[in-house]
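I opened this notebook to keep track of what I looked up, one topic at a time. The entries follow the order in which I worked.

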Amino acid sequence: MGSIDNLERLTLERQPSSEGPYRLRGEPRHPKDDACGFEVLDSFERFNQSNDIYTRGQWDARIRSEKVLNWFKGMFRPGLGARNADGYSVRDFALRNAGWMGANLTIQRSLGRGRVDGFLDYIIPYSDPNPERVPVDSPESMSEELKRVARLFGADGVGITHTDPRWHYTRSFSTKALAEKPYDIPEGLPNTIVIITSMHYEAVQCYPSATAGIAVGHGYSRDCELVQSVATYILNLGYRAVSSVNDTSLAIPYAIAAGLGEYGRNGLLITPEFGPRVRIGRIHTDLPLAHDQPIRFGVREFCESTCRRCADSCPPKAIPHGPPTEKIPNQSSIIGIRKWQIDAEKCFKFWVNQATECGICMRVCPYNKDTSRWASRQWYRFWRRLAASPAKKLALWLDVKLGFGERIKPADFWKRFRGH
Ligand code: SF4
Ligand code: SF4
């Protein structure tokens, strides 16, 4: 998200400047990679934020258009994008935009300084650390304490891992200058706390629609509040803490390394409890903390051998049907990792044509279940065991047969919401 004024001033010819190498080479492998399921190759290169598809929507003439600018503006301008269709009325966009408010407040705080905290830049801490450090008994006990604090503020999952420079961008992007800028996240923060927040189940069932957008916007808003609350707790204990949401680094590898889930064919983190229906925040800190280990619960095997539901359901065919590969579809993908490659250009084009984002691949994923109720939680646990067993085809057949992942009409969402 960025300043509308800046977007208005864009010129078609503008490209990011190239001070230094466009992509920087990093250290290819880490001992934890096998447990994470990462296949990092010798050709690995760290990612330049200018290549992110949203950033390219601002500078790259092949992506940017009047429609794209309106897509960004629609988040802030009431009624923009609304039309006479179920799920795309003024009321649907109103709900979506209201969901973004918590995130917008974080963005607004430093917009005047050319920053977009939480979305292009890390979130500037509210204070310096307490000069008197509270002693830490052990990294293990502090990790437990911190997880309890994060859950107190509403986190749906917390994991801790080492800070990994491979997932940090080489360069940042300034919406004020409309050019690359140096990457400036503070150094000397060896531990990374990863926090997940679940998104609204029924809203996600409405994809594609603007109604469903509340799941993303409100997810980001909760995430922005959460990471800053946890960071503020750490600062008050006398340690450094820098929080981050959709900025400065790749969230999914961090979440996998912190033991929060696996990587799915749809290019999303698949968590055991909420499937792909989560947002991911990070806090980098020098607080002494013990690290979590990655988990495996059969997602890769299920996606690889049995399921193609996300790929079959993606309207612009942005999700591959084949095996993981290092061949990237375009410059918005990271180089040198063998994985399922999502075509961000095709995906974003579809979003822009909808005037809102899409999440069909999140909706249809069999790991996306309502875990808020006892009965559905028990069913999902049973289904997950089935999906990890040799009866994978039966698991998929049952999921489809029982109607999981089917779209809820936005009009029905509103009826349930209003209670009639
Ligand atoms: S968000 Fe929509 S367009 Fe993008 S990959 Fe998923 S299903 Fe396809
Ligand atoms: S829809 Fe199926 S193939 Fe796609 S991520 Fe989910 S489980 Fe994997």
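I began with burial: a residue counts as buried if 20 or more other C-beta atoms lie within 10 Å of its own, as exposed if 12 or fewer do, and as partly exposed in between, with C-beta atoms placed from the backbone. I noted that this is a predicted model, in which local features need pLDDT of at least 70 and side-chain atom pairs count only at pLDDT 80 or more, while totals for chains, interfaces and linings use all residues. Residues are numbered from 1 along each chain as its sequence is written, and chains are lettered from A and ligands numbered from 1 in the order in which they are written.

Entry on E140. I asked why E140 is classed as exposed. The reason is that E140 has 12 other C-beta atoms within 10 Å. I found E140 in helix 7, residues 139-152, where helices are DSSP runs (H or I, at least four residues) numbered from the N terminus.

Entry on helix 15. Y380, R384 and A387 are its buried residues. Down the helix axis they fall within an arc of 65°, so they line one face of helix 15; the arc is that of the directions from the axis to the C-beta atoms. On the face turned away from the buried side I found the exposed residues W374, A375, Q378 and F382.

Entry on the ligands. I took a residue as near a ligand if its C-beta atom, placed from the backbone, lies within 6 Å of it. Which residues come nearest to ligand 2? Of the 13 around ligand 2, they are G264, C303, C307, C310 and C365. Helix 11 (299-305) and helix 12 (309-313) each supply at least two residues of this shell. Around ligand 1 I listed, among others, C314, C347, C358 and C361, and helix 13 (344-354) and helix 14 (360-363) each give at least two residues to the shell of ligand 1.

Entry on A255. Leaving aside neighbours within four places in sequence, I found A255 in contact (C-beta atoms, placed from the backbone, within 7 Å) with G159, V194, I196, L260, G261, L269 and I280.

Conventions: Contact = placed C-beta atoms within 7 Å.
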